[in-house]
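Biologist: I would like to learn how to read helix packing from a model. Can we work through a case together?

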Amino acid sequence: MIPTSSDSQIPRSETFGKLCKLPPFRAAAVQILALSSEDDDAMERLENIFGSDPAMATELLAAANSVEFGLRCRISSIRHALSILGVGRTKSLAATIAFSGYLRNQLPREAVRFLWAHGIATAVLAEHLATQAGGSGSLLYTAGLTHDVGRLGLYASSRETYEPLLNLEFRSIDEVNYMERQLLGVTHCVAGGFLTHTWGFPAILSECAQHHHAPPRGAADETHIVKEACLLADSMGFSEIRIQTEAADGDAAKSWENDPLFEKVLCRMQQFS
Ligand SMILES: [Fe+2]
Ligand SMILES: [Fe+2]
């Protein structure tokens, strides 16, 4: 049943207060998110960041040696990974490792599995759209991966109120956002903008987290690409919320079968499930 406005409403300030109490994002991960693949010294800086977080370095080597990359030789060091995968792909992998690690520690995996799948699908699709448009694939991958962090934050900080909402079916994203405002005083978009700012994420990631459901604002920018990717992820069958549709989800998802992007999404999901 959809909650009504008479249900207990948590004031906005209380929701922000709870979001503030969530543990901070891993320092090495924030540094990786802030690093631009285009910087001349990006490779050296990435190597230093991994040097400061051996656990993350170990996870990166495991991911780089997975079947997804199908490499003939075994990667044994971060420098080797960087030389084979390049800065962009190494950064995207590192962001995925950091984000999945945070979720693993904060949330019950089963409950947020569909949100994780939506994030991975949006990341892969945003990377693809950005690369096609001649932009930075690795930046948009990260923006896609983290765009719905507000939902995860609300789940982790106000679980009793937010969890029932995630199990409902809605007519549109606007309806979900309305219910979020009714129950928690903020939408997951506002929560995402607030959290990413608090954790020190780059401004562009906060923009995408806060405005990915807003109407287009003129020229296509990063937020626009993330918004497109988010919708495409829904059409692949990886929705961020249950939306009532004319066609069954399965029918829509079928058109993606055998698409290399769909395969890539599945492969990455398997790797980080
Ligand atoms: Fe969203
Ligand atoms: Fe989304």
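Modeller: This is a predicted model. Start with helix 7, residues 137–146.

Biologist: At what angle do helix 6 and helix 7 pack?

Modeller: Angles over 145 degrees count as roughly antiparallel. Helix 6 (residues 113–132) packs on helix 7 at about 155°, and their axes are 7 Å apart. The two helices are therefore roughly antiparallel. Their crossing is right-handed. On the helix 6 side, the contact includes Gly119, Ala123, Ala126 and Ala130. On the helix 7 side, the contact includes Gly137, Leu140, Ala143 and Gly144.

Biologist: Now helix 10. Which residues of helix 10 are buried?

Modeller: The general idea comes from the helical repeat. An α-helix has 3.6 residues a turn, so residues three or four places apart point the same way. In helix 10, the buried residues are Ile173, Val176, Glu180, Leu183 and Leu184. They cover an arc of only 95° around the axis, which puts them on the same side of helix 10.

Biologist: What do the buried residues of helix 10 pack against?

Modeller: They pack against helix 1 (12–20), helix 8 (149–157), helix 9 (159–166), strand 1 (169–170) and helix 11 (188–198).

Biologist: Which residue just after helix 10 takes a positive phi?

Modeller: Gly185, with a phi of about 85°.

Conventions. Residues are numbered from 1 along each chain as its sequence is written. Chains are lettered from A and ligands numbered from 1 in the order in which they are written. This is a predicted model: local features need pLDDT of at least 70, side-chain atom pairs count only at pLDDT 80 or more; totals for chains, interfaces and linings use all residues. A residue is buried if 20 or more other C-beta atoms lie within 10 Å of its own, exposed if 12 or fewer, and partly exposed in between; C-beta atoms are placed from the backbone. Helices (H or I, at least four residues) and strands (E, at least two) are DSSP runs, numbered from the N terminus. The arc is that of the directions from the helix axis to the C-beta atoms. Two residues are in contact if their C-beta atoms, placed from the backbone, lie within 7 Å. Axes are lines fitted to C-alpha atoms, for helices over the stretch in contact, and angles run from 0 to 180 degrees between N-to-C directions. Angles under 35 degrees count as roughly parallel, over 145 as roughly antiparallel, 65 to 115 as roughly perpendicular and the rest as oblique. A crossing is left-handed if the near helix is turned anticlockwise from the far one by less than a right angle, and right-handed if clockwise.
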